[in-house]
Amino acid sequence: MQDILEAIEGGASGEDIAALPIPGSYRAAHVLRAEQEMWAGIPSEDKDPRRSLHIGEVPTPELAPDEVYLAVMASSINFNTVWTSIFEPLSTFAFLDRLGRESVWGARHAQDFHVVGSDASGVVLQVGSAVRNWKPGDRVVVHCNFVDDQDPSAHDDSMLAANQRIWGFESNFGGLADLSIVKANQIMPKPSHLTWEESAVNGLCASTSYRMLVGRHAARMKQGDNVFVWGATGGIGAYATQLVLNGGGTPIGVVSKEQRVKLLQAMGCENVVDRAAEGYKFWKDEHTQDEGEWRRLGKKVRSLVGEDPDIVFEHPGRQTMGASVFIAKRGGTVVTCAATSGFMIEYDNRHLWMKLKRIISSHFANYQEAWEMNRLIDRGAIQPVMSAVYPLDRVGEAARAVHRNEAEGKLGVLCLAPEAGLGVTDPEKRAQVGEDRITLFQRHARGEL
Ligand SMILES: NC(=O)c1ccc[n+]([C@@H]2O[C@H](COP(=O)([O-])OP(=O)(O)OC[C@H]3O[C@@H](n4cnc5c(N)ncnc54)[C@H](OP(=O)(O)O)[C@@H]3O)[C@@H](O)[C@H]2O)c1
């Protein structure tokens, strides 16, 4: 991999890069099938990804005709890496085995190791025989929608494809590694004004928020909408907040720490709810929700924006869904893509049907939506929300911070990139967009706001 890194850093031509041999093994963050029972009897919050995420050499898979070998310069932590590392809600080896049964190429994925990671920025090294739009030397980012384009169900909205998967979660050979295989239809141009790590953190979370709020498949936010955003400085929430502001809506952002209130205000979100300071407790006990607390939150929102939210951007799940359904406006929409605090959801259906509200599900994004979001990032209209960068060797530590809700925005991970700050090819554009805007989350994490 050292030769590959030197070629990339030395600005080698595409031809020279294509001529470099692909090593027989590479460094990757992975979990092991043999350890999938390791957390038996241990509560979720005590499961420590530092113990289950290993860094070591894995064999390089053969390249399928529709794939490229990617030298991964940087990647990021997503919550799905946390799920894989704590083997919840189930071991991801079940996904790999299912993929393994589908085809000859799918069989490569069913291994006793699972290389995780659903984001990447990097350089195309070699392309399979069926790849037309990308060539060795291209600087790219990767989105994680992994679909079989020979499946008819993938040709209206690819998120509806019968065999749609998330790369690096439901497939092997993910982005938290020095090398990866990705399908040609996962690739997008790297924003030229961003570093490797700033480019790598956006794909999964930003595209998810785009589909939830902007794309035609989910909530379809319009100008003037009030949008209530849970976890508004978190991975998906921080992109949602930016999309609402850009789209002429009014975000009402929820966070749980005083520092996050400041960060949200610095992003331009004026209406902030500090759920910890205000002590919302939507569940009286494990089985009983407290409608009085839903009402208190609803009143708070009205006190901030004078109206109920047109859209509730929902992902915490069991802890908050009852409140989310309650506070949405008559005819309003709750759009959900997750259930961090538990997926068995309860809400009072009377508040839904009597007020003609809708709950819409959303999951990642199709290629076109991911491309549109990447275009906004490339234009400097959406900023990366990276608060810190870890070397690949410390990926377990980074995943632990996300698991414990200690990190703001996104955590970048350096793979082949030897240090942070590399990879900008258009410094003028960077200056135009504004260093301060691009690095807001990093400056906040360093206590500079
Ligand atoms: N379906 C998809 O395609 C998709 C894509 C991306 C993510 N996801 C899922 O979406 C969820 C969030 O992902 P993320 O990357 O944004 O995670 P994240 O970076 O950890 O941010 C989540 C935020 O939610 C808030 N939160 C956590 N638990 C909460 C609770 N019980 N009640 C209220 N707020 C709570 C926290 O903010 P405060 O503590 O500051 O309020 C936290 O910052 C995860 O479950 C992830 O797996 C799904």
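Analyst: Two strands pair if DSSP finds at least two bridges between them, and both helices (H or I, at least four residues) and strands (E, at least two) are DSSP runs numbered from the N terminus. The model is predicted, so local features need pLDDT of at least 70 and side-chain atom pairs pLDDT 80 or more, while totals for chains, interfaces and linings use all residues. Residues are numbered from 1 along each chain as its sequence is written, and side-chain values use heavy atoms, without hydrogens or water.

User: How many bridges pair S1 with S4, and in which sense?

Analyst: S1 and S4 are joined by 3 bridges in the antiparallel sense. Within this pairing, Leu32 has Phe113 of S4 as its bridge partner. The sheet to which they belong is open, has 3 strands in the order S2-S1-S4, and is paired antiparallel. S2 and strand S4 (113–115) each have a single partner strand, so one side of each lacks a neighbour in the sheet.

User: By what angle are neighbouring strands of this sheet turned against each other, and which helix packs on the sheet?

Analyst: Axes are lines fitted to C-alpha atoms (for helices over the stretch in contact), with angles from 0 to 180 degrees between N-to-C directions. Neighbouring strands here are turned by 65 degrees on average, direction ignored. Helix H5 (residues 93–100) packs on the sheet and touches S1 and S4, where contact means heavy atoms within 4.5 Å. The direction of H5 makes about 95 degrees with that of S4.

User: What is the strand order of the sheet with parallel pairing?

Analyst: That open sheet has 6 strands, ordered S13-S12-S11-S16-S17-S18. Its edges are strand S13 (271–274) and strand S18 (358–361), each pairing on one side only. From one strand to the next, the twist averages 20 degrees. Helix H7 (residues 203–213) packs on this sheet through S11, strand S16 (311–314) and S17, and its direction lies at about 150 degrees to that of S16. Inside the sheet, strand S11 (residues 226–229) runs parallel to strand S12 (residues 250–255), with 4 bridges between them. Phe228 faces Ile252 in S12.

User: How many residues of helix H14 are buried?

Analyst: Buried means under 20% relative accessible area, exposed over 50%, and partly exposed in between (1.4 Å probe, protein chains only). In helix H14 (residues 395–403), 7 of the 9 residues are buried: Val395, Gly396, Ala398, Ala399, Ala401, Val402 and His403. These buried residues pack against several elements, among them strand S1 (25–32), helix H4 (79–85) and strand S20 (410–414). After H14 comes Asn405, with a positive phi near 55 degrees.

User: Is Glu170 buried or exposed, and which residues does Glu170 contact?

Analyst: Glu170 counts as buried because its relative accessible area is 16%. Glu170 lies in the loop between strand S8 (165–166) and strand S9 (179–183). Neighbours within four places in sequence aside, Glu170 contacts Phe95, Leu96, Leu99 and Arg165. Glu170 and His30 are 140 residues apart in sequence, with a C-alpha to C-alpha separation of 13 Å.

User: How many salt bridges does the rule count?

Analyst: A salt bridge places a side-chain nitrogen of Lys or Arg within 4 Å of a carboxyl oxygen of Asp or Glu. The count is 31. Lys135 and Asp138 form one of them, at 2.9 Å from N to O, and Asp138 is buried at 15% relative accessibility. Lys300 and Glu278 form another, at 3.2 Å. This pair links distant parts of the chain, 22 residues apart: Lys300 is in helix H10 (residues 291–305) and Glu278 in the loop between S13 and strand S14 (283–285). Both ends are partly exposed, Lys300 with a relative accessible area of 22% and Glu278 at 23%. A further salt bridge joins Arg443 to Asp436 at 3.9 Å, and Arg443 is buried at 16% relative accessibility. Arg27, Asp178 and Asp393 are linked in a network of salt bridges.
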